[in-house]
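Please examine the sequence and the structure shown below before reading on.

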Amino acid sequence: MPKAPASKASAAPDLPEPANYESALQELEGLVARIESGQLPLDDMLAAYQRGAVLLAYCRGKLEAVQDQIKVLDNGQLKPWASEE
């Protein structure tokens, strides 16, 4: 018996990519709140989870890109964050 595809991204409506990190994070926080509320029907919860996974990957990618830029600016060394006191 053939397995179903691991992702149903093609079945989900094409949602636009977030405009920026902040909007992606805001949408992700809203989705988490809706999922945690326990008030979503199962299909909506699955769709919210799938969108959340896309948003999380987007945010991680942006953070990694910034981290790579910082490494370049610091001559290849990622320095620990030190809060100014």
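What percentage of the 85 residues in the chain is made up of buried residues? The model is a predicted one, and in it buried residues account for 13% of the 85 residues. The chain holds 2 helices and 0 strands. Among contacts between residues at least 6 apart in sequence, 64% join residues at least 24 apart.

**How the two helices pack**

- Two packed helices are described by the angle between their axes and the distance between the axes.
- Helix α1 covers residues 21-37 and helix α2 covers residues 42-73; the two pack at an angle of about 150°, and their axes are 9 Å apart.
- Because the angle between them is about 150° and angles over 145 degrees count as roughly antiparallel, α1 is roughly antiparallel to α2.
- The crossing of α1 and α2 is left-handed.

**The contact between the helices**

- On the side of α1, the contact is made by Tyr21, Ala24, Leu25, Glu27, Leu28, Leu31 and Ile35.
- On the side of α2, the contact is made by Met45, Ala48, Tyr49, Arg51, Gly52, Leu55, Leu56, Tyr58, Cys59, Lys62 and Leu63.
- The residues of this contact divide into 14 nonpolar, 1 polar and 3 charged.

**Helix α2 in detail**

- At 1.5 Å a residue, the 32 residues of α2 should span 46 Å, and this agrees with its end C-alpha atoms, which are 46 Å apart.
- The buried residues of α2 are Ala48, Arg51, Gly52, Leu55, Tyr58 and Cys59.
- What covers these buried residues includes α1.
- Just after α2, Asn75 takes a positive phi of about 55°.

- Ala48 lies in helix α2, and its relative accessible area is 5%.
- Ala48 therefore counts as buried, since the cut-off for that class is under 20% relative accessible area.
- Leaving aside residues up to four places away in sequence, Ala48 touches Leu31, Ile35 and Leu40.
- From C-alpha to C-alpha, Ala48 and Gly30 are 9.7 Å apart in space, while 18 residues apart in sequence.
- Leu56 also has its place in helix α2, and its relative accessible area is 35%.
- Leu56 is therefore partly exposed, a class that lies between the cut-offs of under 20% for buried and over 50% for exposed.
- Leu56 and Leu28 are 28 residues apart in sequence and 7.3 Å apart in space, C-alpha to C-alpha.

Technical notes:
Residues are numbered from 1 along each chain as its sequence is written. This is a predicted model: local features need pLDDT of at least 70, side-chain atom pairs count only at pLDDT 80 or more; totals for chains, interfaces and linings use all residues. Side-chain values use heavy atoms; hydrogens and water are left out. Axes are lines fitted to C-alpha atoms, for helices over the stretch in contact, and angles run from 0 to 180 degrees between N-to-C directions. Helices (H or I, at least four residues) and strands (E, at least two) are DSSP runs, numbered from the N terminus. Angles under 35 degrees count as roughly parallel, over 145 as roughly antiparallel, 65 to 115 as roughly perpendicular and the rest as oblique. A crossing is left-handed if the near helix is turned anticlockwise from the far one by less than a right angle, and right-handed if clockwise. Contact means heavy atoms within 4.5 Å. Ala, Val, Leu, Ile, Met, Phe, Trp, Tyr, Cys and Pro count as nonpolar, Asp, Glu, Lys and Arg as charged, and the others, Gly among them, as polar. The expected span of a helix is 1.5 Å times one less than its number of residues. Buried means under 20% relative accessible area, exposed over 50%, partly exposed in between (1.4 Å probe, protein chains only).
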